[in-house]
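The following questions and answers concern a structure shown below.

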Amino acid sequence: MARIAKVVTDIALDRAFDYEIPEAMRGRLVEGHRVRVPFGRKEVLGFVVGVAEESDVPGLRPIAGVVGEGPLVPPALLRLARWISDYYMDPIERCLKTVLPEAVRREDFGPRRRRVARLARGAPAPGRRLTAGQEGALLALGAHGAIALADARERGVSPSSLQSLEKLGLVVIADEEEERDPFAGAAFARSEPLALNGEQGAALEMVVAQVGSPQPRPVLLQGVTGSGKTEVYLQAIAACLASGRGAIVLVPEISLTPQSVERFKSRFAAAGVGVAVLHSGLSAGERRDEWHRIRSGRARVVVGARSAVFAPVSPLGLIVVDEEHEPSYKQAEAPRYHARDVAIVRGHFESAGVLLGSATPSLESLHNAARGKYLLARLTGRIDSRALPPVRVIDMRQEAARHRGPVALSDRLVRAIGERLERKEQTILFLNRRGHSSALVCVKCGFVVQCPDCSIALTYHRRPEQMLCHLCGYSAPAPRACPECGDTRIRYAGTGTEKVEEAVARIFPAARVVRMDSDTMTRRRAYEEAFAAFRSGRVDILVGTQMIAKGLDFPNVTLVGVINADLALHLPDFRASERVFQLLTQVAGRAGRGEAPGAVFVQSFTPHHPAVQFAKSHDVDGFADQEMECRRQLGYPPFGRAILVAFRGEEQKAVVAASEEVGEALRARLPEGAVLGGPCPAPIPKIQRQHRYQVFIRGSSMKPLARVVRDAIVALRARRGVSVAIDVDPVFLL
Ligand code: ADP
Ligand code: ZN
């Protein structure tokens with residue numbers, strides 16, 4: 001029987017410590033158990049991450065106590081944390097933290113009881129005048145129903161006025177097992193399963209067969225926007241629930257909108273199945289409550305962004321990854337896991353089905369489908385056979401020649417917007433760059449105002465007027481004259497959403513325009529309000545960034561304009577074309593969702609680029625074929641695997657030295673057929689005063705690459721002020 005427990009504590013980073021399992025606990029203690037252990041002179045909480053017969057360490061101290069009945073962390077999640085630690089080369093402690101929300105890790109086992117204030121029932125009218133604070137508290141209680149004392153201040157209520165109200169008999173304060181439901185109060189009309197069309201039915205059958213299989217294979221569901229993928233998800237989840245297991249739905253954070261959540265809530269919550277929603281806006285307490293609701297089985301469907309892949313659903317029957325191609329599934333900080341890939345691994349560990357859905361699947365997933373690792377289901381038509389909108393590409397070089405200089409809106413796009421205004425239809429203008437102008441350029445000497453701390457130009461913002469660094473947030477007043485030569489002729493080069501809004505307002509002074517980007521949408525409410533205004537027809541034209549590109553369904557939108565298709569095309573990233581194609585396809589899918597047919601105008605300086613041309617003809621397969629061929633020839637993913645090692649530090653010399661040391665170590669043991677890129681400066685060589693260098697290694701399979709990178713990093717001399725990051729299957733290359 002195991003005598004030794006390996007325990008990771010919250011205070012000691014990066015490693016597990018051995019403890020002796022006291023006689024009475026032997027055989028009972030398993031991994032995932034929450035324990036109290038002596039640590040230095042204190043006692044701290046920790047997790048058992050493994051048990052063993054022997055330890056090399058003499059004189060072990062015993063575990064002081066076990067918290068809770070069974071293991072808090074489902075063993076499957078521990079296994080997943082270990083896999084992430086191993087595959088993404090990150091310490092197990094940090095991976096455990098990733099798998100377990102902070103708020104859950106730092107508490108004792110069991111639901112927390114909280115002091116909660118409520119209005120007393122049938123309370124008498126107060127015998128004396130209340131203070132302003134007390135009146136405010138009563139109003140807040142009226143609005144919220146109940147307030148936990150711990151949250152009172154956050155709600156603008158002082159705990160002492162609640163207590164004084166309790167003495168007056170107006171308020172009751174009691175211990176309650178409070179559970180915060182972020183959607184509490186919202187009612188959901190029950191939705192019934194729709195009768196599926198033939199392709200949907202075949203896709204569902206395929207998924208359900210996998211969910212029921214002991215060794216399920218992931219299914220890739222490729223379906224154009226509006227082809228009814230979500231309905232397939234819903235019915236697959238229903239089948240999974242019927243077999244007694246729970247499901248997780250991953251969506252990109254940006255599309256975790258109330259509208260999309262509502263579809264899951266009204267299918268399941270309204271039928272009595274608990275649905276938990278996990279997004280970045282939750283408070284620590286809400287996150288913790290949702291976690292326990294899932295862990296205890298009270299919520300069996302989980303909808304959430306990236307980290308919801310770690311939801312403690314058990315037993316797990318299905319993971320759906322919607323928009324599986326989205327780069328936001330990759331975590332930018334360590335551990336740099338990809339939630340889609342983690343979903344595949346988790347599905348494998350727990351014999352759960354995995355359903356990946358997209359209109360424009362990643363080349364990685366298409367490749368896996370082509371070699372039989374995934375099954376492929378397709379939805380080729382839109383529901384009700386509505387046509388995909390025609391896409392017109394506008395050559396902005398000709399436009400600039402005609403206007404003797406660059407313009408934000410081409411004549412044809414302007415004409416099309418005018419027609420929509422006349423017909424009382426709506427327009428969306430999309431541009432993935434906020435601010436007014438992407439650079440201020442001196443006409444005389446060519447000087448460009450740069451960020452002092454980053455190697456990029458500052459963006460000009462007009463309201464309020466300032467120069468802003470989009471990487472680090474540095475801001476400075478806009479210069480009236482060139483800081484270099486003093487000339488006052490300054491050119492506002494490059495177009496941002498603010499400039500588009502300005503141009504639209506100038507050309508169509510009567511149009512009602514709303515701009516949505518991270519400058520105007522600083523509050524979550526603002527976002528919902530803007531959409532509500534657009535939906536209700538109080539807005540004619542919506543100008544916005546990325547945030548308007550996804551998942552929105554507005555029947556009265558008959559025109560979508562892409563202001564600059566080339567923005568991301570020339571980034572030094574081998575996935576640049578793929579991203580642009582996906583984005584154009586995605587944006588084009590926003591038009592013509594209703595009765596009236598839609599049109600899409602794409603403005604481009606490289607109108608013949610394949611990403612633009614294939615998007616024009618809605619040819620997902622054509623694009624994939626040609627892009628696959630490029631990748632194959634270059635040995636880039638999905639045909640090869642890659643690891644990026646990134647070096648950062650304020651002192652350039654030290655950063656260069658570290659990168660060269662690793663570069664040499666890698667070159668010395670380069671696996672056969674592997675290719676080494678760098679060391680060299682990163683595409684953006686400096687951000688926030690940190691110099692950035694990198695080494696990029698790729699080869700035909702991951703294992704040998706991982707081995708040499710691991711060895712090279714272990715051998716690296718520590719240098720003060722230089723951080724080294726390993727990125728396995730990198731997605732962000734800038
Ligand atoms: P996708 O997720 O592929 O973009 P959706 O699932 O949102 O597509 O479907 C688009 C629209 O078609 C939705 O309004 C949905 O309710 C409707 N729909 C989906 N499947 C069917 C069906 N079998 N019969 C009728 N309407 C459907
Ligand atoms: Zn900066």
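Relative accessible area under 20% counts as buried, over 50% as exposed, and values in between as partly exposed. The model discussed here is predicted.

Q: Which protein atoms are the donors of the zinc ion (ligand 2)?
A: The donor residues follow the spacing C-x2-C-x14-C-x2-C in sequence. The donor atoms lie 2.3 Å from the zinc ion, and they are the SG atoms of Cys451, Cys454, Cys469 and Cys472.

Q: What is the geometry of the site of the zinc ion (ligand 2)?
A: Four donors count as tetrahedral if all angles lie between 85 and 135 degrees. The angles among the four donor atoms here are 107 to 112°, so the site is tetrahedral.

Q: Is cysteine 472 buried, partly exposed or exposed?
A: Cysteine 451 lies in the loop between strands E18 and E19, and cysteine 472, 21 residues apart from it, in the loop between strands E20 and E21. Cysteine 451 has a relative accessible area of 5% and is therefore buried. For cysteine 472 the relative accessibility is 22%, which means that this residue is partly exposed.

Q: How are helix H11 and helix H18 oriented to each other?
A: Leu363, Leu366 and His367 in H11 meet Ala624, Glu627, Met628 and Arg631 in H18. The two helix axes come within 11 Å and cross at roughly 95°. Angles of 65 to 115 degrees count as roughly perpendicular, so H11 is, relative to H18, roughly perpendicular.

Q: How far apart are the C-alpha centres of domain 1 and domain 4?
A: In the domain assignment, domain 1 covers 4–105, whereas domain 4 is given as 391–437 + 494–630. The distance between their C-alpha centres is 51 Å.

Technical notes:
Residues are numbered from 1 along each chain as its sequence is written. Chains are lettered from A and ligands numbered from 1 in the order in which they are written. This is a predicted model: local features need pLDDT of at least 70, side-chain atom pairs count only at pLDDT 80 or more; totals for chains, interfaces and linings use all residues. Side-chain values use heavy atoms; hydrogens and water are left out. Donors are N, O and S atoms within 2.8 Å of the metal (3.2 Å for Na, K and Ca); water is not among the atoms, so sites may look incomplete. Four donors count as tetrahedral if all angles lie between 85 and 135 degrees; four count as square planar and six as octahedral if opposite donors are over 155 degrees apart and all others between 65 and 115; anything else is irregular. Helices (H or I, at least four residues) and strands (E, at least two) are DSSP runs, numbered from the N terminus. Buried means under 20% relative accessible area, exposed over 50%, partly exposed in between (1.4 Å probe, protein chains only). Domain bounds come from an automatic or database domain assignment. Axes are lines fitted to C-alpha atoms, for helices over the stretch in contact, and angles run from 0 to 180 degrees between N-to-C directions. Angles under 35 degrees count as roughly parallel, over 145 as roughly antiparallel, 65 to 115 as roughly perpendicular and the rest as oblique. Contact means heavy atoms within 4.5 Å.
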